[in-house]
Amino acid sequence: MSALRLRLASRNWNSLVIREAIAGYFFILPTLLSFLVFFLIPTISGFGMSFFEWDFFSEPEYVGAENFVELFSDKLFLRTLRNTAIFAVSATSLNVGLGMFIAIGINSIKWRWLKAFLRTSYFIPVVISTVVVALLFGFLLQESTGVVNYYFSRLGIDRIPWLTSSTWAFRSIVLIDVWKHVGFFTLIFLAGLQGIPSELYEAAVVDGAGRLVRLTRITIPLLTPSLFFALIIALIGAFQVFESMYVLTNGGPGDATRTVVMLLYREAFGSFNMGYAASMAVVLFVIILALTVSQIWIGDRWVFYR
Amino acid sequence: MSFASSIPSKPNPILLWSAALLAKLRDKWQTYLVNALIGTPLIAGALIMFLPLVWSVSFSFGQPHEFFKLPPPVIPSAIRLDNYESVFQRVDFARFFLNSVAVTACVTIAQLITCSMAGYAFARLRFPGKRLIFILFLASMMVPQHVTLIPVFIIIRGMGLYNNLGALIVPYATSVFGTFLLKQFFETIPNELEDAAKIDGAGFLQIYRLVMLPLAGPPLATLAILTFNSSWNNFFWPLIFINSAEKMTLPLGMIYLRGQDGVTNTGVLMAAIVLNLIPVLVFFMIFQRKLVEGVTLTGLKGA
């Protein structure tokens, strides 16, 4: 009797399990299909392609690791790699650093309307497309007729060749990136600040801690998880930077603002060196992966978890 | 003890009251001081955020010869709409706009459906390989899209979607990020709701449609807004897959317009920029709270 019941139960259980599994696959089917077609297969063939020489029209030719060997002796690639790394480090530190201090500043303001106003103003550029931002700044930063230089000259500062000198073009790109993205990081830190329990501050005040002590002993340590998150997001994004350079300087003057993705785009869709471009993407991926993994690894030592 | 004598045995009420008032005043002044001290540089920064947008509006009304007039006017001397007319004459701006609307609407609606479906399955259903698939999904968020770029280009061409709005929609019809967002949400729904529906004889499709979806308003709104924004601003994809003007979306259309115009006619470009900004800013004003919530909640998209 009990064996029969068990068998019945298990058969029921089985059919339910199967029905549930079928339903599960049904529900993930669109996402899974798209994942296979637009991610997994392309990723694998992207890696594979980096071992071939292929101009899109003739037969691909297997060349082993030659693309990679060539890459690391390609002066232009190394230059773009250097540009990208410098851009990533400067844009990340400015975005994350400024974002953190703006957030702490906004958070310590008592007037609600001012808080709301500031939060809104810093966030507006985040929703505007990078193309529009770049076109707008391209106009504002013109050397002789630009608005920015006009006001700078009124302040007694010499006209700055924002986009025409290679050092300044690079700096301009970084500054525009900060203008566009700092609000995003401000927001991440504002969310982190909201998570800090107010009892901690009250207890610190009772113990006689001043503003500076509260900032360095409570706020900043408890913001480290947000900081960690912001750094990872910022670096991943910065290494893939493309649009603002493409629109504003097209990599110039010379190759001063050419990034890895810009070179990749040109190699793939300008010169049809598909294999060579694929190997660049692989290098980019490895760099991003290594950076993220090492950040997570180092993060264990300085991120404060409650 | 010497200090004991300095404490009055009976506190003077007037003294106490005035001390309290003084402390209150000091606190108030300190608040003002701190607000002013921190607020001033922050307001200056906020102005830097605003000014470029203000200038774009004022220059969009200007005439070509005015761009060399210094000081540049912050408030336009007159409201002239010539530049706006030129935008529509030079390129099919309305077409760009409609293309953007169509692509964004399709992508957003598709993602709402596919992400909620997959999110439901990962959160509430058991099936073999679930963990592995989910981990693969998550890992894919780490891989830059440029790795997949060339193979995807070939696949899209193979599908006959090259230079077709479909190329901007089909690859974006699902989202690992959105799936993750919805999964996180569906996991918080109490089992009792689902069990009750099961006892009433509901199948999985009904549970998804009648129990899960009606509850998922907030995360779906977050997903819709983030997707809308990133799809509206997508530039890299159209740059690669679209090559004729009548298929362009707004960001690519802007570059096309600049190419038509060169640098000589800044006013027209500024007018186009303003036309671009208006819908984005209206969208921002309406959904600001939700957008901020979404970005802080998830952090991932939007950047």
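In which helix of chain A does A:Ile104 lie? The legends below start there. This is a predicted model, where local features need pLDDT of at least 70, side-chain atom pairs count only at pLDDT 80 or more, and totals for chains, interfaces and linings use all residues. Residues are numbered from 1 along each chain as its sequence is written, while chains are lettered from A and ligands numbered from 1 in the order in which they are written.

**View 1. A:Ile104 sits in helix H3 (residues 75-108) of chain A.** Helices here are DSSP runs (H or I, at least four residues), numbered from the N terminus. A:Ile104 is partly exposed because it has 19 C-beta neighbours inside 10 Å; buried means 20 or more other C-beta atoms within 10 Å, exposed 12 or fewer, and partly exposed in between, with C-beta atoms placed from the backbone. Leaving aside neighbours within four places in sequence, A:Ile104 is in contact (C-beta atoms, placed from the backbone, within 7 Å) with A:Leu193 and A:Thr219. A:Leu193 is 89 residues away along the chain, yet the two C-alpha atoms are 7.6 Å apart.

**View 2. Helix H10 of chain B covers residues 204-215.** Look for B:Phe204, B:Ile207, B:Tyr208 and B:Met212, which are buried. They share one side of H10(B), because they cover an arc of only 95 degrees around the axis, taken from the directions from the helix axis to the C-beta atoms. On the face turned away from that buried side you will find the exposed B:Leu205, B:Leu210 and B:Pro214.

**View 3. Chains A and B meet through 77 residues of chain A and 71 of chain B.** On the chain B side, H2(B) gives the largest share, 13 residues.

Terms used:
Contact = placed C-beta atoms within 7 Å. Helix = DSSP H or I, 4+ residues; strand = E, 2+ residues; numbered from the N terminus. Expected span 1.5 Å × (residues − 1).
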